[in-house]
Amino acid sequence: MAKDRNQWIEVWKRFRLGDRFAFSEIYEEFADVLFAYGIKITSDRELVKDCIQDLFFNIYRYNIKLQQPEYLEFYLFRSLKNDIVRKIKNKNQQSSLTDENVVLFDLKFLAEHDSHDPESEELRIEALRKILQTISPQKREMLFLKFSTGLNYAEIGEIVGMKADAVKKQVYRTLDDLRDRFGEKLLSLFTIFIRR
Amino acid sequence: MAFYDQKYIENPMFTDWVFRPNPLLDRHWEKYLLNHPEEEAQILELKSRLLELKYADETLLPEEKIEIAEHVIDRIEYEDENQKRRTIVLSLMKYAAVAVIFAVIGGLVVYLKSDNESVYKQMAGQIVQIPSEGKGPVLITASGENLNLKKTSSSVDYTKTGTVVLNNDSVLKTFAEDSKAMNQLIIPYGNQSKLMLADNTVVWLNAGSRLVYPTAFTGKTREVLLFGEAYFEVAKNAEKPFIVKTSDIQIKVLGTHFNVSAYAEDKVIQTVLQEGSVELSKNDAGIFGERIIMKPNQMASFSKTTSETALSNVDASYYILWTKGLLSFDEVDFDRILKKVERFYNISVDFSEPTFRAIRISGKLDLKGTREEVLEYLEKVSSTKIKKLNENQYIVNK
């Protein structure tokens, strides 16, 4: 069974007390999602992998020095992001980074619905594209963190540079938007069928 | 803003189900929808909206995930070496091929934890390497020394005077260490070993197995951890039950002879009792968990997939023939026998046709023979041809 926040706090405590096994639990659980997050900040696969490696090495090495066992997941995501941004800046890859907190968060969405009708599929993707284009990279990042991690609004806010309330509002606004747009889209789908 | 939206979005169980479904979550929400049909429309609609936000994640390949972890270990080792510290346990994920690679990184010291389930998981995750000089079994002592046992059939005896005798030959003195630290005896493929524990229990370890045990049994029980296959002749001690822990189940005995086959790659854990009495339970059972008491000449087959145990009557001596270098089988899948032969000779055998795996065969093998003799015999009883591809690889053909 997946662990919840409290369980991860326990794992982190064990790790800080010198439990090396706890370390591997943490790695096993979070390496994949950290990669999924990092690869949207930069498409440089090797860079993301290096950052993950550095992240875990530093956790291990400095574990004694960490005074505050902040919530583990938050520490991982925030540190990874900071490190990636720092490394990108050094590499001079993206000059469009103006603010540490605002990265060009890439959004590749899954066209998961296998539709028998390529036309309606096209329409669906078009509608999606319109919606997602209106969502800034910062907000896309926030949506990812909301639905792919166990972080709360305050923690997400810290990472993306928004207030907790603002994050929450944005999540709900996006969902409302989706409902409205899909209302439209369904209507046009209907029209197509009539024409046939 | 729909109330329903909020209720579900803030529920990790819901969002996990939408974005990372698994059978348990599917079942939970199926049931919920059945019990709350009035919410079905909302839930499904919200789910489809959320799915629009689902990413086509780029993920780490399993090899990449392992590679990163290995690099982390290398750096930590390097650091430790520089600071003259003995590097200790670093366990990795369970899908590292533990059965095939045994690698020791520096010295290895294992600490017994109070949370027993995680001890096993941790042990299962270790990557343990055989030092390049030796090819035989390796004993890793509680103080972190690696000892190569060199012979393909070796023995390790823990005596009452606090010494350890290796191969009836060299003697090690064990020091008063941390009573919680454990030893590990690692038997790579192609080897076997016999071990006598401090309480006079004798353990035969089969190829591809690992036993974790303390130097002395202090405490209320005598506990060991087994990966792979072992035959135990447990010394009687009514006051201190002997418990063998495997990945999923534990076997508690008072004094008896029994065989456990608990290889990580097998889907079933088989326990065969020759004489005495044992009690099986699942690892996380707790005080009220189900317990199964076995009688001599019974076999308990625990299925890792269903978590169920089936009891059957067998001839126990069949199952412990391997300790004498013999393997007897009656209407057993070809696949299963070949797996044992693979481990014993440290070879790899593939099937040109998947259907060959399920051919039922009967016979008796003398594993003291050469691998060619053994494979020839298997060809006969299975009506197939086993062709040699290179030094250690074979393939089964018509």
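Trainee: How many helices and strands does chain A have?

Mentor: Chain A has eight helices and zero strands. Helices (H or I, at least four residues) and strands (E, at least two) are DSSP runs, numbered from the N terminus. This is a predicted model: local features need pLDDT of at least 70, side-chain atom pairs count only at pLDDT 80 or more, and totals for chains, interfaces and linings use all residues. Residues are numbered from 1 along each chain as its sequence is written, while chains are lettered from A and ligands numbered from 1 in the order in which they are written.

Trainee: Why are helix 4 and helix 7 of chain A called roughly parallel?

Mentor: Look at the angle. The axes of helix 4 (residues 72-91) and helix 7 (residues 153-160) of chain A come within 10 Å and cross at roughly 10°. Axes are lines fitted to C-alpha atoms, for helices over the stretch in contact, and angles run from 0 to 180 degrees between N-to-C directions. Angles under 35 degrees count as roughly parallel, over 145 as roughly antiparallel, 65 to 115 as roughly perpendicular and the rest as oblique. Helix 4 and helix 7 of chain A are therefore roughly parallel.

Trainee: Which residues make the contact of helix 4 with helix 7 of chain A?

Mentor: Helix 4 of chain A brings Phe74(A), Phe77(A), Arg78(A) and Lys81(A), and helix 7 of chain A brings Glu155(A), Glu158(A) and Ile159(A). Contact requires C-beta atoms, placed from the backbone, within 7 Å. By class, there are three nonpolar, no polar and four charged residues. Here Ala, Val, Leu, Ile, Met, Phe, Trp, Tyr, Cys and Pro count as nonpolar, Asp, Glu, Lys and Arg as charged, and the others, Gly among them, as polar.

Trainee: What makes helix 3 of chain A oblique to helix 4 of chain A?

Mentor: The axes of helix 3 (residues 45-62) and helix 4 of chain A come within 10 Å and cross at roughly 130°. That value makes helix 3 of chain A oblique to helix 4 of chain A. By class, their contact has eight nonpolar, one polar and three charged residues.

Trainee: Is Lys87(A) buried, exposed or partly exposed, and how do you know?

Mentor: Count the neighbours. A residue is buried if 20 or more other C-beta atoms lie within 10 Å of its own, exposed if 12 or fewer, and partly exposed in between. Lys87(A) has 17 C-beta neighbours inside 10 Å, so Lys87(A) counts as partly exposed. Lys87(A) lies in helix 4 of chain A. Leaving out residues up to four places away in sequence, Lys87(A) touches Leu47(A) and Cys51(A). Across the whole of chain A, 33% of the 196 residues count as buried.

Trainee: Now chain B. How do you know that strand 23 and strand 24 of chain B pair?

Mentor: Two strands pair if DSSP finds at least two bridges between them. Strand 23 and strand 24 of chain B have five bridges, in the antiparallel sense. One of the bridge partners is Tyr394(B) in strand 24, for Lys388(B).

Trainee: What makes strand 23 of chain B hardly covered?

Mentor: Among the six residues of strand 23 of chain B, the count of buried residues is zero.

Trainee: How many bridges join strand 21 to strand 24 of chain B?

Mentor: Four bridges join strand 21 of chain B to strand 24 (residues 393-397) of chain B, and these strands run parallel. The open sheet of three strands has the order 21-24-23 in chain B, with mixed pairing. Strand 21 (348-351) and strand 23 (385-390) of chain B are the edge strands, each pairing on one side only.

Notes
Contact = placed C-beta atoms within 7 Å.
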